[in-house]
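Dear colleague,

Please read them alongside the coordinates.

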There are 2 protein chains.
Amino acid sequence: MQWEKNQFGGVVIEPESLSLDDKSFYSVLKNNIDTWKYDSVKLVWLQINKEFYSKIQIASQFGFLMHHASHNYVMMTLAIEIDTFIPPYSTHYIGVGGVVVNDLNEILVVSEKYRSSANPSYKLPGGALVQGEHISQAAVREVFEETGISTEFKKLSFFRHWHGYRYGKSDIYFVVLLKPLNHEIIKQEEEIAECVWMDVDKFLNDPDIHDFNKHIVRSALNSNGLHITNIPGYGSEKMFEFFTS
Amino acid sequence: MQWEKNQFGGVVIEPESLSLDDKSFYSVLKNNIDTWKYDSVKLVWLQINKEFYSKIQIASQFGFLMHHASHNYVMMTLAIEIDTFIPPYSTHYIGVGGVVVNDLNEILVVSEKYRSSANPSYKLPGGALVQGEHISQAAVREVFEETGISTEFKKLSFFRHWHGYRYGKSDIYFVVLLKPLNHEIIKQEEEIAECVWMDVDKFLNDPDIHDFNKHIVRSALNSNGLHITNIPGYGSEKMFEFFTS
């Protein structure tokens, strides 16, 4: 088993060096933990790839906890110094909703097939960001997928920050104003029950539409919001997206 | 082993029902997978708690992949229907920086002890959100921890969306304007090399300060931004935070 110290007083075990039998792993890990304690190491990082999953229960016996996991590996940590800071894994989901209003003062709204309430309630088209996708791109993609309407990003006017979404993580739902580039709706059959252009004033006065949805539409129509900007020399446009007031 | 169907055509295995020996688990899982295939189940969810980690390698042999993990469990999934949608785990980290300007037109800036470049470069105080914390609270907390200055949230004026942060996840860095409530700096010794009140015009014209930092300070000082709002009847203020234009 090989490992290296990192700049934060921690130790990182080399994932490829776990190719020893479980019994040897147990005794090598035990000895190393004694060494690390003696050396005042703060934190140990142990990535266990799929081929070495039998080592997980052994590491767990020594007090290693799950830090995160993805597809074909788990990352475990052992805090040797009590209360040492462990950089957390990602904490949030990101979603986006599009306020799409045409020249006839109509807003594009959908009702979902799978919903918790019995009454159909109109809401904005939108959905979750795919990992690596810009917010503006996700809005345009989701609106197109759900409604067949192509759009152009104008501004970001609102967001909701919500704790206690899936698996104890939080969620941010951004609302953006989009300009429609075509009129004919082609709704997505799988998830969308109904998709219509609805008069904006009717939407804002409909008692069946939630105050939250009215609020976010008003914010998109009546204010400046944040606009996409560019900061020269900062990095690839694929990697960075900037919103400014 | 017990399991239930969910509303999305999937199956959820009961975590407490894994208390059988590894050999039995292997054969029971094998038989169940045959049943699920026959029943056109789309996706199988398998949460394995710490006491049953020896089952991970067995599930992996049948094609289960890691969905996520935290402290004392891993969640694995098996897509029985090819290309079935698997709701992703959290995708983002959230950080916040505070633009704190006093009545003398001075801005509160820090330089970090641990930095990649040799030159000290002044930047905004700030840091990462703790899970469950509001953005406005995190800004006030981080500024206080790093500088000893108590502040009051005024508005959110800018954010940077960045892909390719730790472990393939993305990051959003929000910039907020804060009003200082005291003047005397008590800097955090561990991470902060220097903390000073700096003339805003000097900051904006200093060639050693990055254009990005100048841009975000300008955005906070010269614009409307997004303000915190309240949507009556929506839910607990501890769970929700709303920003509107």
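**Strands of chain B**

B:Asn49 stands opposite B:Tyr73 in β5(B), and this strand (residues 73-79) pairs with β3(B) in the antiparallel sense over seven bridges, where pairing requires that DSSP finds at least two bridges between two strands. The model is predicted, so local features need pLDDT of at least 70 and side-chain atom pairs count only at pLDDT 80 or more, while totals for chains, interfaces and linings use all residues. Residues are numbered from 1 along each chain as its sequence is written, chains are lettered from A and ligands numbered from 1 in the order in which they are written, and side-chain values use heavy atoms, with hydrogens and water left out.

Six of the seven residues of β3(B) (residues 43-49) are buried, so this strand is largely enclosed by the rest of the structure; buried means under 20% relative accessible area, exposed over 50% and partly exposed in between, with a 1.4 Å probe and protein chains only. On β3(B), B:Trp45 has B:Val12 opposite, and β2(B) (residues 10-13) pairs with β3(B) in the parallel sense over four bridges.

**A buried serine in chain A**

A:Ser170 lies in strand β10 (residues 170-180) of chain A and is buried, at 1% relative accessible area. Leaving out residues up to four places away in sequence, A:Ser170 touches residues of both chains, including A:Trp162, A:Tyr165, B:Gln131 and B:Gly132, contact meaning heavy atoms within 4.5 Å.

Best regards

Note on methods: Helix = DSSP H or I, 4+ residues; strand = E, 2+ residues; numbered from the N terminus.
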